[in-house]
Amino acid sequence: NQFNNDGNFLEKFKAQRECAVTDISDEWKAEINKIAKRKPSTASKPGKMKDSISFCAPLIEADGKDTIVTTEKQSQGDGYVQWIFVKDKNRKILGARKLEKEELSEGGLPRMRLKDIPIGTQLEAFMYSEKYGLWKSSPYKVELQREQRLVQASNEEGLSQRLCTIIENEANLRIKEKKCFSIAFAGGVASVLGKTKCRSEFRSWRVFAAEEFIKEKKVSGEITQMLTTWGAQAEIFRPVEASDKPADDIAAAYAQDISTDVDGDIDPEFDMMVLKLDNDNSVCQLKPNSDAVKNRDVLVAGLEGGMITATIPLLDACK
């Protein structure tokens with residue numbers, strides 16, 4: 001926390017350490033080209049190295065605007081990955097990283113981070129181990145990614161402090177840009193955030209619930225208490241109206257409230273949504289493979305049991 005306000009110095013240090021070298025020296029080029037002449041194994045065609053797929057086959061994934069090359073598991077003993085490099089469809093080396101055994105002995109996976117790769121670039125990643133040979137990933141296309149952050153801490157107070165700092169910074173940026181800030185909170189989040197004082201120009205905020213239990217209004221109660229703790233004006237929060245109407249009707253009315261107060265090109269685009277991953281892998285009552293997840297026709301959906309929730313289209317539109 002001496003280095004920055006949101007307490008993620010260690011994360012930034014690790015991310016910097018795993019960055020690819022993009023200005024490849026002649027010495028590295030010669031060594032990589034020598035390795036690249038070998039016939040690579042792949043996850044679909046591992047040959048005699050079938051047992052090595054989980055810790056040698058490269059995986060490419062997005063981390064915000066960065067592109068990450070890693071593996072499923074950490075290799076054991078002398079089979080560690082010594083080289084990671086990435087080529088585009090024209091076989092140009094876009095980045096490389098030479099790993100030391102001591103680094104992987106710390107318990108981490110072999111990783112390389114690529115920054116500023118143009119949207120639409122076709123990539124293939126390679127990993128080399130002296131013991132298990134050369135491995136190649138499936139082709140990967142770099143696509144536009146929303147900025148997402150998974151925030152973790154050892155206790156609720158630490159989590160609250162880190163989240164509040166992120167929210168403050170984002171709110172200040174958006175208010176400076178467009179004079180307002182729109183945010184939605186899921187259940188269980190506001191009760192944690194209320195443990196830390198958040199400071200901002202709350203008059204410029206538009207606050208909504210990302211989910212709600214209609215009769216109990218549990219989420220609205222948590223948000224109201226959080227805003228009271230922060231010293232924010234009650235009128236910046238638009239709660240779900242209590243009603244005996246069907247959940248679908250209440251969801252439609254709340255979607256209209258959101259569309260009225262939150263700007264967007266097509267659908268309303270929240271500046272930020274603070275959500276929580278539950279033990280059943282659901283977010284905002286959206287359970288994997290459920291009908292609610294597949295619902296692309298509405299912004300807010302009614303669910304069985306007297307609940308409403310933001311749907312995938314509303315989450316996707318969030319900045």
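Modeller: Let us begin with strand S9, residues 181-185. Please keep in mind that the model is predicted.

Biologist: How many of the five residues of strand S9 are buried?

Modeller: Five of the five are buried, so strand S9 is largely enclosed by the rest of the structure.

Biologist: Which residues point which way from S9?

Modeller: Phe181, Ile183 and Phe185 point one way, while Ser182 and Ala184 point the other way. Residues on both sides are buried.

Biologist: Which strands pair with S9, then?

Modeller: Strand S10, residues 205-209, pairs with S9 in the parallel sense over five bridges. S13 also runs parallel to S9, and three bridges join the two.

Biologist: Which residues are the bridge partners there?

Modeller: Ser182 has Arg206 in S10 as its bridge partner. Ile183 stands opposite Met272 in S13.

Biologist: Moving on to S14: which sheet is it in, and what is the strand order?

Modeller: S14 belongs to an open sheet of three strands with the order S11-S15-S14 and antiparallel pairing. Strand S11 (211-213) and strand S14 (300-303) are the edge strands, each pairing on one side only. From one strand to the next, the twist averages 15°.

Biologist: How many bridges are there between S14 and S15?

Modeller: Four bridges pair S14 with strand S15, residues 307-310, in the antiparallel sense. Within that pairing, Ala301 has Thr309 in S15 as its bridge partner.

Biologist: Which helix packs on the sheet?

Modeller: Helix H8, residues 247-261, packs on the sheet and touches S14 and S15. The direction of helix H8 makes about 160° with that of S14.

Biologist: Asp248 lies in helix H8. Is Asp248 buried or exposed?

Modeller: Asp248 is exposed, because its relative accessible area of 52% is over the 50% cut-off.

Biologist: How far apart are Asp248 and Thr228 in sequence and in space?

Modeller: They are 20 residues apart in sequence and 30 Å apart in space, taken from C-alpha to C-alpha.

Biologist: What about the other three-strand sheet, with the order S1-S2-S5? Which are the edge strands?

Modeller: That sheet is open as well, with antiparallel pairing. Its edge strands are strand S1 (59-63) and S5, each of which pairs on one side only. Ignoring direction, neighbouring strands of this sheet are turned by 25° against each other on average.

Biologist: How many bridges join S1 to S2?

Modeller: Five bridges join S1 to strand S2, residues 66-70, and the two run antiparallel. Ala62 has Thr67 in S2 as its bridge partner.

Biologist: Now the loops. What is the phi of Asp116?

Modeller: Asp116 has a positive phi of about 60°, although it is not a glycine. Asp116 sits in the loop between strand S5 (112-114) and strand S6 (122-129). With 74% relative accessibility, Asp116 counts as exposed.

Biologist: And what is the phi of Asn281?

Modeller: The phi of Asn281 is near 65°, again a positive value in a residue other than glycine. Asn281 lies in the loop between strand S13 (272-274) and helix H9 (291-294). Asn281 counts as exposed, at 51% relative accessibility.

Biologist: Where is Ser41 found, and what does it touch?

Modeller: Ser41 is in the loop between helix H2 (26-36) and helix H3 (53-56). Leaving aside residues up to four places away in sequence, Ser41 touches Pro46, Leu134, Trp135 and Lys136. Ser41 counts as buried, because its relative accessibility of 13% is under the 20% cut-off.

Biologist: Lastly, the whole chain. How many helices and strands are there?

Modeller: The chain has 10 helices and 15 strands. Its C-alpha atoms fill a box of roughly 70 × 45 × 35 Å along the principal axes. Of its 319 residues, 47% count as buried.

Biologist: What does the accessible surface come to?

Modeller: The accessible surface of the chain is about 18200 Å², and 46% of that belongs to carbon and sulfur atoms.

Biologist: And how far apart are the mean positions of the positive and negative charges?

Modeller: The mean positions of the 48 positive and 51 negative charges are 6 Å apart.

Technical notes. Residues numbered from 1 in each chain as written. Predicted model: local features only at pLDDT ≥ 70, side-chain atom pairs only at ≥ 80, totals over all residues. Heavy atoms only, no water. Pairing = 2+ DSSP bridges. Axes fitted to C-alpha atoms, helices over the stretch in contact; angles between N-to-C directions. Contact = heavy atoms within 4.5 Å. Buried < 20%, exposed > 50% of the residue type's maximum accessible area, 1.4 Å probe, protein only. Areas by Shrake-Rupley, 256 points an atom, 1.4 Å probe, with all protein chains shown as cover. Lys, Arg positive; Asp, Glu negative; His and termini not counted. Charge placed at Lys NZ, Arg CZ, Asp CG, Glu CD.
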